[in-house]
Amino acid sequence: MTAPSPTYEDIMSECLALAGRAPGLASFAEIGRSAEGRAIPLLTLSDPAIPADEKNVVLVSGGTDGNEEVGRACALGLARALLEPQHRVHLQRQTVLIVPVTNPDGTAHDLPDVQGNGSGIPAPEVHKPGQPPATAEGRAMRELVEHWIPDAHFDFHGLAGGGMGDSAYLYPTVNEKWSIPVLYEVAREIEAAGERAGYPQEGRPRLWVNPRHNLPGWLARQHSAFCMVLEGTENYYPIEESVRAGLVRLLRLLEIGEETRFFQVHPNYPCDVVSGSRMGALMPYGATYGARRASRRAISQMILEGVPWFGRKPADRGWVAEIALPVEATVKTFPQGLAFQATLDRRATVTQVFWQDHVLEANLWKVWPTSAGLVVRAEVPEAPVHGENALRIRYEVPFKRHVEP
Ligand SMILES: [Zn+2]
């Protein structure tokens, strides 16, 4: 019997080797120490020719459960793959943070049934809202994500035996009505990529409706990040095959992070509709990825602190579409600005946009046609206030309403 591969020592030496082989593109850092004093390694992969503020950020981790080798192997395999010439283009568009072993002690001891870290605290109990992380490893990871505010996080685990194919755990954001279907759609796409590459899928995505207090669950709720736990098959294929299947799925996810879909205007993982829907969405504000990441975190925090509901009023009275954002007195965190998007009848002509009681300058909003309708995007360079907040869009249409609301 051989020890599960890669071991903690394998990971450390390969991280250093990769950073040494591609200086400039890959850098190695230690983000903290485990309870027993082992270093937690981070590989940062990014093309320095493009400023970090012009890229989104994805965090890929493995080795959270100490006896699941495939997650460690896939995270490391992704680092290796991204330094190959055919995949380097991703590093011009994204900063890829790879922590191949978040739980060095559990990995070193190959501990079954001891998750999260060697101290026996399960991963889903490490990151409780309003509390500091429960473990040394959790503190290191929390500092990392508070510094970078990742747009997406994929924590790679392994399912041992009894299953053919891979699956995913899905972590809805506070905007459940929007994020749940989006998570399923992406899960289907990565399964399809696995199938096409010759890895039949029998796993089934599982939704965590109740908040989970592992890092993906915490990031999804607190930062509105796009988060999944990926389960890779162990002991059905040889480990090399499990890694190939995992890489197919991870690379498809990276591609999705470079697309403009899911009502987004900037290429990114589907994390930008923080509240609402296509009819009236609240989105991060800012000219750069860095500014929008900070905005997304602030908006998420504001919602958790006290936004009882958000959305488009159900009827456009007098050809005015209204998006309401009530903010309760309990709210302490305010974003510096807000971005709204709404969809109108495709025959509409927008004449004026109002924020609160004043007209929004024309250079702060724009419209463009889509198959779903006319999309209006407004950038409001002002924080909301306690009480009622509203964006109103006045428009004209070349027809008469059948029924007045
Ligand atoms: Zn696991």
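Let's start with a sheet: 8 strands make an open sheet, running in the order β1-β2-β4-β3-β5-β8-β6-β7, and their pairing is mixed. At its edges sit β1 (26-33) and β7 (206-207), each of which pairs on one side only. Keep in mind as you look around that this is a predicted model.

Inside that sheet, take β3 and strand β5 (residues 152-160) as an example. They pair in the parallel sense, over 5 bridges. If you want a spot to look for, find G62, which stands opposite F156 in β5.

**The two domains**

How is the protein divided up? The domain assignment gives domain 1 (8-256) and domain 2 (275-396). The C-alpha centres of domain 1 and domain 2 are 33 Å apart. Where the two domains touch, 15 residues come from domain 1 and 12 residues from domain 2. On the domain 1 side, the elements giving two or more residues are β3 (56-62), α6 (176-196) and α7 (215-223). What kinds of residues make up the side of domain 1 that touches domain 2? They divide into 5 nonpolar, 5 polar and 5 charged.

| Helix | Residues in helix | Span | Expected span at 1.5 Å a residue |
|---|---|---|---|
| α6 | 21 residues | 30 Å | 30 Å |
| α9 (residues 289-306) | 18 residues | 26 Å | 26 Å |

In α6, the buried residues are W178, S179, V182, L183, V186, A187, I190, E191, A193 and G194. The cover over these buried residues includes β6 (167-171), α8 (239-256) and β9 (275-277). After α6 comes G198, which has a positive phi, near 95°.

Now for α9. Among its buried residues are Y289, R292, R293, A298, I299, M302 and I303. Which elements do the buried residues of α9 pack against? They pack against β3, α7, β9 and β10.

As a general rule, nonpolar side chains in soluble globular proteins tend to be buried together. In this model, the largest nonpolar core has 97 residues, and the ones with the most contacts inside it are L43, V60, I98, M228, L282 and F340. Helix α2 (residues 69-82) supplies the largest share of this core, with 8 residues. Both domains take part: the core draws at least three residues from each of domain 1 (8-256) and domain 2 (275-396).

Let's zoom in on L282. Setting aside neighbours within four places in sequence, L282 is in contact with V274, S275, G276, I299, F310, L325, L338 and F340.

Strand β10 (residues 280-283) pairs with β13 in the antiparallel sense over 4 bridges, and G280 stands opposite A342 in β13. Strand β17 (residues 373-380) also pairs with β13 in the antiparallel sense, over 7 bridges. There, the bridge partner of L338 is V380 in β17.

**Another open sheet**

There's also an open sheet of 5 strands, with the order β11-β12-β18-β14-β15 and antiparallel pairing. Its edge strands are β11 (311-312) and β15 (358-359), and each pairs on one side only. Within this sheet, strand β12 (residues 320-324) and strand β18 (residues 390-396) pair in the antiparallel sense over 5 bridges. Look for A321, which stands opposite I393 in β18.

Finally, visit the loop between β7 and α7, where you'll find P211. Why does P211 count as partly exposed? It has 18 C-beta neighbours inside 10 Å, while a residue needs 20 or more to be buried and 12 or fewer to be exposed. Leaving out residues up to four places away in sequence, P211 touches G217 and R221. For a sense of distance, the C-alpha atoms of P211 and V145 are separated by 18 Å, and these residues are 66 residues apart along the chain.

Terms used:
Residues are numbered from 1 along each chain as its sequence is written. This is a predicted model: local features need pLDDT of at least 70, side-chain atom pairs count only at pLDDT 80 or more; totals for chains, interfaces and linings use all residues. Domain bounds come from an automatic or database domain assignment. Two residues are in contact if their C-beta atoms, placed from the backbone, lie within 7 Å. Ala, Val, Leu, Ile, Met, Phe, Trp, Tyr, Cys and Pro count as nonpolar, Asp, Glu, Lys and Arg as charged, and the others, Gly among them, as polar. The expected span of a helix is 1.5 Å times one less than its number of residues. A nonpolar core is a set of buried Ala, Val, Leu, Ile, Met, Phe, Trp, Tyr and Cys residues joined through C-beta atoms within 7 Å. Two strands pair if DSSP finds at least two bridges between them.
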